[in-house]
Amino acid sequence: MKTLVLILGDQLSRDLASLDGFDRERDVVLMVEVADETTYVRHHKQKIAFILSAMRHFAAELGAEGLAVDYVRLDDPGNTGSFTGELARAVARHRPDRIVVTEPGEWRVRRMMDDWPLRLDVPVDIRDDDRFFCSRAEFNAWAGGRKSYRMEFFYREMRRRTGLLMHGDEPVGGRWNFDSENRKRLPASITPPPRGAIAPDAVTREVIAMVAARFADHFGDLDEFGWAVTRRDALAALARFVTESLPFFGDYQDAMARREPFVFHALLSPYLNVGLLGAREVCVAAEQAFRAGDVPLNAAEGFIRQILGWREYVRGIYWLEMPGYAQTNALSAQRPLPWFYWSGETAMNCLAIAIADTRRHAYAHHIQRLMVTGNFALLAGIRPAEIEEWYLVVYADAYDWVELPNTHGMVMFADGGLLASKPYAASGAYIDRMSDYCGSCVYDPRIKTGAGACPFNLLYWNFLIENRSVLGRNPRLAMPYRTLDRMPSQRTRTIVEEARAFLDDLGRDKPGPQSAQP
Ligand code: FAD
Ligand code: DLZ
Ligand code: SF4
């Protein structure tokens, strides 16, 4: 039986389920660069360059191994621009008895696949993506019957199941979670290691030139492209991270610094998400470094929790709750996304820095995403779909299955608390405590209202006031609501007036994001 194996751009793993049983004498791998995928949102230029270059390298590696690979480039004549169109052309070329594909990471593409057997008149075998610790069926069984889900319980279950950082039935060190030790500010005396950017080879340079010409009006710079595009280089990045950064990852996990966009973070998410690295090997590398005495427990646990816990948890929720998940708007947030999310032109220094980092690197670390750009979107009541699209566009690691739950659930609380028990809302004091951003800002985090007041302060209390009907009975917000209730009414009136004036001014002077993303 001749098989056509379709491998998508985020399935670049040699041990992919769809390659099981591949017959080198008969079968063909199909990989396609298609306009629909490069523009279903207007991805950051580096994201497109990263994926296309990684696809080309992966195809060349399979070819060198002796597999027949049919590779369609974006500018090949006759390219129809869609997965379905390219499959139809490939079916005509190869006349397979069946198509085999690993389930995609996005609901959008999964729906597309339902049409394929009829449209292409060939049976389609869609295989489970077994690159995750927890299958969709296992997650559904864990979630069954619960009204809301909590990452911490899921994570403990995953630790038990995998044995990672376990000592028999007990967590190593006697605690499941060392988060309380992972909240240090970065002192001036500590300099994180340099990024270790990979110099683009000839293939990547060709892709970068094509992206610069064809996607010139997409957001983002290409100048500092430094991503690995092969498994070999991704493995080297993992090894470097474990040696140089992981020992400090825990302590400074939440720290933000003006001149250090990466702090001690891994920069491994693009590789994990396209399959150049596997989740298990990354967690095992961290555990081994801990067991060898090279890395403290708070670092190893904090890091493994992000992958074994958060990454698996958000994927489980995505598939469990889609497609309805994306439609909810529990806080009825309706404000359009301000133009400065694209231009970076804002006097709020924390936002200007996070957006500038994003433009330069297609990267910002978790706390910048959650507590700066995310926190602002939450407090300002930005329409969930607009801020979700922004996150999907701007990061090299962004795919709907991981971006949507993080934004819709964790940042925007648009799911009403399904994913997280409370919104991650914070005033300027949090950003000041965890960063060096405020010192060079025109606003002052210590000023609560009036001239120079940090907008996050105004917006924070205004957010609690405006959303009292939904959030007022949340036990995890009892303290701030008590503080609010003790405020003199004149003060709360001033906060609301000043917050509204600030919000009314947002984006007045700039065109909306639809017109062009610079
Ligand atoms: P590190 O901080 O070094 O963490 C190590 C690894 O843990 C990451 O590589 C990643 O695979 C995993 N991880 C950490 N936090 C999360 C999380 N909350 N959810 C899932 N995996 C996690 N991550 C993506 O991979 N793609 C996205 O599209 C994405 N969108 C996000 C949107 C918002 C609003 C927020 C708040 C977070 C988002 N994240 C996303 C999660 C997280 O911010 C990134 O995974 C992380 O910043 C990647 O950088 P790193 O590899 O240096 O991570
Ligand atoms: C993100 C992306 C881009 C920009 N381009 C392609 C492409 O040309 N061909 C391809 O196979 N995949 C691409 N991808 C990744 C897909 O969007 C991804 O595989 C689906 O969204 C399923 O997760
Ligand atoms: Fe951001 Fe406020 Fe600090 Fe300025 S003062 S950097 S707006 S938190």
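## Ligand 3

Ligand 3 is surrounded by 15 residues, and the closest are Met 348, Cys 350, Cys 438, Cys 441 and Cys 454. A residue is near a molecule if its C-beta atom, placed from the backbone, lies within 6 Å of it. By class, this shell divides into 11 nonpolar, 2 polar and 2 charged residues. Here Ala, Val, Leu, Ile, Met, Phe, Trp, Tyr, Cys and Pro count as nonpolar; Asp, Glu, Lys and Arg count as charged; the others, Gly among them, count as polar.

Three helices, α14 (349-361), α18 (428-434) and α19 (455-466), each supply at least two residues of the shell around ligand 3. The most come from α18, with 3 residues. Helices (H or I, at least four residues) and strands (E, at least two) are DSSP runs, numbered from the N terminus.

## Model and numbering

This is a predicted model: local features need pLDDT of at least 70, side-chain atom pairs count only at pLDDT 80 or more, and totals for chains, interfaces and linings use all residues. Residues are numbered from 1 along each chain as its sequence is written, while chains are lettered from A and ligands numbered from 1 in the order in which they are written.

## Ligand 1

Around ligand 1 there are 29 residues, of which His 265, Ala 266, Ser 269, Gln 306 and Glu 403 come nearest. The elements that give two or more residues to this shell are α10 (269-274), α12 (297-321), α15 (366-380) and α17 (400-411). Its classes are 16 nonpolar, 9 polar and 4 charged residues.

The shell around ligand 1 draws at least three residues from each of domain 2 (136-199 + 216-321) and domain 3 (340-505). Domain bounds come from an automatic or database domain assignment.

## Ligand 2 and Glu 37

Ligand 2 has 16 residues around it. The nearest are Leu 8, Gly 9, Glu 37, Pro 104 and Gly 105. Helices α1 and α2 (45-64) are the elements that give two or more residues to this shell. It splits into 8 nonpolar, 4 polar and 4 charged residues.

Glu 37 is found in helix α1 (residues 35-39). It counts as buried because it has 22 C-beta neighbours inside 10 Å. The scale is simple: a residue is buried if 20 or more other C-beta atoms lie within 10 Å of its own, exposed if 12 or fewer, and partly exposed in between, with C-beta atoms placed from the backbone. Glu 37 and Asn 140 are 103 residues apart in sequence and 29 Å apart in space, C-alpha to C-alpha.

## The open sheet

Five strands form an open sheet in the order β3-β2-β1-β4-β5, with parallel pairing. Two strands pair if DSSP finds at least two bridges between them. At the edges are β3 (69-72) and β5 (124-127), each pairing on one side only. Neighbouring strands are turned by 20° against each other on average, direction ignored. Axes are lines fitted to C-alpha atoms, for helices over the stretch in contact, and angles run from 0 to 180 degrees between N-to-C directions.

Strand β1 (residues 3-6) runs parallel to β4 and is joined to it by 4 bridges. Leu 4 stands opposite Ile 99 in β4. On to β5: β4 (residues 98-102) pairs with it in the parallel sense over 4 bridges. Here Val 100 has Asp 125 of β5 as its bridge partner. Strand β4 is largely enclosed by the rest of the structure, because 4 of its 5 residues are buried.

## Arg 305

Arg 305 lies in helix α12. With 25 C-beta neighbours inside 10 Å, Arg 305 counts as buried. Leaving aside neighbours within four places in sequence, Arg 305 is in contact with Tyr 155, Asn 177 and Trp 310. Contact means that the C-beta atoms of two residues, placed from the backbone, lie within 7 Å. Arg 305 and Pro 270 are 35 residues apart in sequence and 18 Å apart in space, C-alpha to C-alpha.

## Backbone exceptions

Most residues other than glycine have a negative phi, and most peptide bonds are trans. Arg 95 has a positive phi of about 50° although it is not a glycine. It sits in the loop between α3 (83-94) and β4. With 10 C-beta neighbours inside 10 Å, Arg 95 counts as exposed.

Val 263, also not a glycine, has a positive phi of about 45°. Its loop runs between α9 (231-249) and α10. Val 263 counts as buried, with 20 C-beta neighbours inside 10 Å. The peptide bond from Met 322 to Pro 323 is cis, with omega near 5°. Pro 323 lies in the loop between α12 and α13 (340-343).
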